[in-house]
Amino acid sequence: MLYKEPAPIKDRENPFESMMSRFNIAAEVLGLDEETYNVLKSPTRQVIVNVPVTMDDGKVRVFEGYRVVHSTILGPSKGGIRYAPDVFLDEVKALAAWMTWKCAVVDIPYGGAKGGIICDPYSMSAGEIERLTRAYTQSLVDIFGPDRDIPAPDMGTGPREMAWLMDEYSKTKGSTEHAVVTGKPLVLGGSLGRVEATGRGVMVSAMAAMEKLGMDPSNSTAVVQGFGNVGSWAAKLMAERGVKILGVSDVSGAYWNDNGIDIEEAIEYKNGNNGRLEGFKGAEQMDPDELLTTKVDVLVPAAVEDVITIHNVDKIQAKLIVEGANGPTSYKADKIINEKGIMVVPDILANSGGVTVSYFEWVQNRMGFKWTLDRVNERAERIMNESFERVYAASQKYNVPMRIAAYIVAIDKVAMTYKYRGGF
């Protein structure tokens, strides 16, 4: 079942410009030379495709799709494909760049990429989505590849779509190519632990940050905005470590319980209710906007970009923000958050558990050998903790917020690799 995240704020900042604003600050701190700066700031490749699809009524619709490869300096590019009606090129460019920095932060040998198709998958039949996915794959068969560009699920897509993509790509090559895509069903070479990986990374990041702030999880409260795959797993795993989850939200609204929401019950209800919390009796409904600004210890925005903006940042009361979504905080809101003394574990660190386990899936596919769940989780948590410590150390060394520190760590790694490889 696909999950539809809440719609983003309509007057959101340009996501690519937001990314570049942070990139520029980190580049200045590092003293990045002009050549390297110019190489790293721009995508390596931007592809726009028009994809004709025969719909169930017999008519042919043409969908516009994108694939942006930001960098291949560290290795083959990696990034998800989102199906949404409001996908646009600058968003895909920003997401591709964030993937480059995300991979560099957790020290895995990938560059960044992202894809998207302008469509509403929730109004399309399974057959229409399959034909769209296969046609999109055909359009990009010269871009994708286990050693070139490796897609994965994103908003509006999941294991089903990745299975279709793998199958269509394999047909063009005349052999089964498991490693061309990650986030596949287990029976097609998917990895144990992949479904919960991003949420687990959010939990690990939250626990590491809480330790730095002297916060006891068993005496702490949190809200999770966005109760899809990432948010629900983050809430579940944080609750298991003692954090009381007072509020959650999804497309149907926001839900609050002063005594803490039973997350297991909420997930079970959602799974049996077409992926929505609508009608959930374990909490009372509240204004979704107030969920972000209520007084709790930890705020986890896990839906879409630009939900914390200059319009609501003054009202944020959390002591810690752990970004489960990509780009949930606008650039203009950063300064106010920093002035308020709120620690932010940024998206390119906090939600990198997903790409980490995607890397594990790719490694297992290349080896032809599956790892146990315990091995996947142990290695993923170790990488997340080590990455957090690197970013935290950089924030202390350069006296910058965690977000800029994460960019510094990432850009420094990619820049050094570029120089060792000899540049152009």
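How many residues lie between β1 and β2 in their hairpin, and which residue in the turn has a positive phi? The hairpin has 5 residues between its two strands, and G58 is the one in the turn, with a positive phi of about 90°. Before going on, a word on the ground rules: this is a predicted model, where local features need pLDDT of at least 70, side-chain atom pairs count only at pLDDT 80 or more, and totals for chains, interfaces and linings use all residues. Residues are numbered from 1 along each chain as its sequence is written, and side-chain values use heavy atoms, with hydrogens and water left out.

Strands β1 (residues 45-54) and β2 (residues 60-69) run antiparallel and are joined by 10 bridges; R45 sits opposite V69 of β2. Strands here are DSSP runs of E with at least two residues, helices are runs of H or I with at least four, and both are numbered from the N terminus. Two strands pair if DSSP finds at least two bridges between them.

For a parallel pair, look at β3 (residues 77-84) and β4 (residues 111-118), which share 6 bridges; K78 has G112 in β4 as its bridge partner.

Axes are lines fitted to C-alpha atoms, for helices over the stretch in contact, and angles run from 0 to 180 degrees between N-to-C directions. Contact itself means heavy atoms within 4.5 Å.

Next, a helix pair. The axes of α6 (residues 197-212) and α13 (residues 373-398) come within 10 Å and cross at roughly 45°, which makes α6 oblique to α13. Oblique is what remains once angles under 35 degrees are called roughly parallel, over 145 roughly antiparallel and 65 to 115 roughly perpendicular. Among the contact residues are M203 and V204 of α6 and M384 and F388 of α13.

Finally, the rings. There are 10 aromatic pairs in the structure, one of them the edge-to-face pair of Y110 and W362, at 5.5 Å centre to centre and 70° between the planes. Y110 is in the loop between α3 (89-105) and β4 and W362 is in helix α12 (residues 353-367), so the pair ties together parts 252 residues apart in sequence. Rings of Phe, Tyr and Trp (its six-membered ring) pair if their centres lie within 6.5 Å; planes under 30 degrees apart are stacked, over 60 edge-to-face, and the rest tilted.
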